[in-house]
Amino acid sequence: MSLLEIDNLSVGYGGQTAVDGVSFAIGAGESVGLVGESGSGKSQTALAVLGLLPATAEVRGSVRFAGEEILGATESALDALRATRIAMVFQDPMQALNPYRSIGSQLGRILAHHGLAAGSAARERVIAMLERVGLPDAQRQYRAYPHELSGGMRQRVMIASALLCEPELLIADEPTTALDVTVQAQILDLLEVLRQDTALLLITHDLGVIAGRCERMVVLDKGRVVEQGATRDVFEAPAHEHTRALLEAARGDRDISLEPPAPETCLDVSGARVEYTVAGRQRLSAVRGVDMDVRAGENVAIVGESGSGKSSFARGLLGLVPLREGRVRFRGAELPRDLDDRPRGQRAALQLVFQDAAASLNPQMRVADLVAEPLGIHRKNLDGDARRARVAAMLEKVGLGIEHLDRYPHELSGGQAQRVAIARALMLEPDVLVCDEAVAALDGTVRERILELLRRQQREGGFTIIFITHDLTVAREISHRVIVMYLGETVEQAATDDLFASPAHPYTKALLRAAPAPDPANPGGKTSVSGETPSPLQPPSGCAFHPRCPHARERCRDEAPQLREVGRSLVRCHFAEEL
Amino acid sequence: MLLYALKRLLGAIPTLLLVITLAFLMVHAAPGGPFDDERVLPPETRAALEAAYNLDQPLHRQFLNYLAGVVTGDLGPSYHYRDYSVAELIGNAFPVSLQLGSMAILLAVLAGVAAGTYAALHRNTLLDRIVMGLALTGISIPVFVIAPVLVLLFAVKLQWLPAGWSGNDGAGRLILPVVSLALPQIAYIARLTRASMIDVLSSDFIRTARAQGLGTRAVIRYHALQPAMLPVLSYMGPAIAAILTGSVVVEEIFGIPGLGRFFVNGALNRDYTLVLGIVIFYAALVVLLNLLVDLLYGVIDPRIRRR
C-alpha cells in the first residue's frame, strides 16, 4: 500500500473542470514531482489531498492517505491529520505567513494545538527547528515578524513550520517560484536535506527543479495526467507530446538566429545613477553608475536578481524615473533626464513592455483601442481608416486575429495580453524596445512563442531590444550581449556566447550554477553562494559581492574593484584572472 | 513610541486653538447675552455684572484672558450656576458621561465584532442576511427614535427596566441609555467586521493556518481576529465622537446628569462659559482618543510599530 493514493480525482467549479480524472500514488519516503503549466490543475490536486478545497468545489474520485479516505472526511478528522502527518509549504512566504504574529508564536501554536508541546518545551523545539532550517541567530529571530525577514529566510521559516511535527508527507507547492535563483538553490537543498524519511510531493512549473530532486514525476495538462514515470525515463524519452513541448520550452531554443547589429551606436548611457528617497529621508541608490553602449539592432540583456537595480536602470534610461547622475544619448543627441521634457519624437522612439501585461493595459479599453492609442497621440494626421488598417496589420504581425479586436484585457490569456502590449509598443515603429521581465509571468511554452515573436518582429523592423530579465535562459535566447548587474552595478558584461562559455565574475558563475537545468544527469540548481542580496540602503564596503563570494579575500573587503577588461569581457573583480 | 506620542500631542495644539477660537467667536456672535432674562435688569446692575465678569472689555482682551485661563485649566465661572466654576461642573458631570460612554463603546465593540464575525463565517446564508439586515436597520434609525422606543417597550410595556435616572439606583438604570447609544454603533461595527473578516479569511496565511490543522475556532481567534480588527480600530475615533454627540440626546431623554445634559441646559440658559468649556473639553477628548487609536494601531500591526 502506498502512503498516498489518488484515484480518478476530479475537481470542478460550476461545470468547469479543473482536475479531470487524476490518478497517481506516492510511496513512503518517495519524492514525486507534479509538473504542469498554469491551469493544469496541479495546485487543486494538492489542496484536495489536504481537504482544503473551497466548499464550492465539486469533488469526485478518491484520495487515500495511509489507507484512509480524505475526500468527505470530517474537518476534525482532517485537522488531526494536517501538519502532523501531511504538511504543506506554499509559494509566497510573505503571504503565507501571518504578518501580525511573531514567527516563534506561529510555530509554537502548531505544536500547542496538536498537543505535541507547550510552554518552554514548545519554545525549545521551535528554536531547534529554526536552527535546522538555517535561520541565523534563531534565539533572537524567534521573536521576529515575517516582514523583518528576507524572502529566503521566510521560506525557511515556512519549511520549519511544515516539518515541525515530523509529517509523513510534505507537499511543496511552487516553494521557490517567488525567490531569486541563488536562493532557490539553497531552499531546494534544504528541503532535500531535512525531509529525510518524509515523502515529498513537489509541485512546480519548472522542469529544471524536478530534474535534480524527484525520483518520479507526473505531468499534468488541462487537469489530466498525460504522462508519469521515473524522472530519468521521462526526460530521456518523453512519450507524450505535451511533455516534449514542456521539455523543449525548458531547454530553451539554442538555435536562434539574430541579425548582426549595425556598426553605429544607437543608445549610449553613461554613469547612470538612480536614487530613491525611502521612509522620508533615507537615500537608496538603486543604480550606482552604470554604462551601456548599444549599437543599432543589437540586443542587450540586463540580468540580475531582485535588488540588482535592473528595472530602475531601464526606468532611468526611459526617463520614467529621472537619472540622478549620468546621461543618455540616443543617436548622438542627449535626451533630457525627465520623460516629460523629452520631445514627442524621442518618446516614441523608445518604447516599453512591462512584466504584467494584463495590469499594464487599461481594463476599460478594447484591444482595438489599446493598440490604436499611440497613433492618436503621435500620428495625428492619420484618418480613421488608415488607423484601423495599421491596427489590423499589427495584430496580425503579433499573432492575434480580427476576433480579438473587441475583447477587453481580462478576456485575454497571459500570452495574448503580452502580444497586445507588444503590438502597442511596436505601433510607433520604435528604435529601441525595452522589455522589463516581459516573459517572466508566462508559462514556458508561451514564453518561447513570445520570444520567437520578438525575434521575428526585430528581423522585420530592425529595432534594438533591451531585455531586462532574471532568467539566464531567456537572456541567451534574445541577446547579442549580456550585462550582469548586482546591487546597482555592472559586475560583468560580455557577448552572450562568451558569457555562457566562460563566465568570469564569481556572481555570474554562481547564477549559472544555480539555474536549474532540465537534465537529470546534470540538473544544475546547485547552491553556489550563501545568503541573499543585501539591502541597497547599506551596500557592503569594497566589492559589493564580497560578503557572499566564495573567493573573497581581504582586498575585496577594503577596495572596490573597477570594471575592467578581462579577455573579451568587462569584469568587476580583483581576481577574475585567477578564478 | 513616546516621542511619537509627544509629537502628536504637540501637533494637536493648533487644532485645539482653532476649535477654541471658532467656538469663542460663535458664542459671542450669538444674539443675546448671559444676563438677558424675562426680568429686565436696571442698567447699573447690568453694568456692574458685566464688569464683574470682565464682559465690558474689548473682545480680543476677553479672548486672551479666556485663553490664558484655558491653559491653566480655568474655564471661567458659570453664568448660570453662580457658585460653580465651569471646570467644577465638568468635573462633576463627566464621570457620569464617561461611565455611560465607555460602557456603550465596550458593548458596541463586543456585540458588533461578534455579530460581524458570525455573519462572515456564514456569509451568503440566511443567517448572514438576517444579521446584516438588522445591522442596516440599526444604522438607519437615529438615537432619538431608538431611545423612546426602547423606553416604551422595556420600561412602560414590559416594565423590566426603569425609564429614568433619578430615583433609581443600581445598574438597571444604565441599561437602556447604554443600549440606545450603542445600537447604531453595534450595527456599523458589525458591517465593518464582516467585510474585513471576509477579506482576511481569504488571505494566504489563513489557508496556511488551515493546512496546519488549527480548525476554525483557533484560525479565527489566533490568526484572523487581530488583522480583521484594524478597520474597526480606525472607526473608533468617529465612533467615540458619535457616542459623545449621541449622549447629548440620550442624557436629555433619560434625564441623566451628565455632560451632555449640562451642554443642552447651558445653551438654553445662555450659560456661554459652560457651553464653551464643554465644547473645548469634548474637542480635547476626541483629539486624545484619536491619538490613542493611532498608537493602538502600532500595537496590532507590527509592520507599522514605531521604535
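**Chain B against chain A**

Mentor: Chain B and chain A together bury about 2,300 Å², with 57% of it on carbon and sulfur atoms; buried area is the accessible area (1.4 Å probe) that two parts lose on being put together, summed over both. The model is predicted, so local features need pLDDT of at least 70 and side-chain atom pairs pLDDT 80 or more, while totals for chains, interfaces and linings use all residues. Residues are numbered from 1 along each chain as written, chains are lettered from A in written order, and side-chain values use heavy atoms, without hydrogens and water.

Trainee: Which element gives the most residues to the side of chain B that touches chain A?

Mentor: The elements giving two or more residues to that side are α8 and α9 of chain B; helices are DSSP runs (H or I, at least four residues), numbered from the N terminus. With eight residues, the one that gives the most is α9(B).

Trainee: How many residues of chain A are in contact with chain B?

Mentor: Contact means heavy atoms within 4.5 Å. On the chain B side 22 residues take part, and the number in chain A is 28.

**The second largest pocket**

Trainee: Which residues lie nearest the centre of the second largest pocket?

Mentor: A pocket is an open set of points on a 1 Å grid over the protein atoms alone, where a 1.4 Å probe fits, with protein on both sides within 12 Å along at least five of seven lines; lining residues have an atom within 4 Å of a point. This pocket is lined by 24 residues, and nearest its centre are Pro54(A), Ala55(A), Leu121(B), Leu201(B) and Arg210(B).
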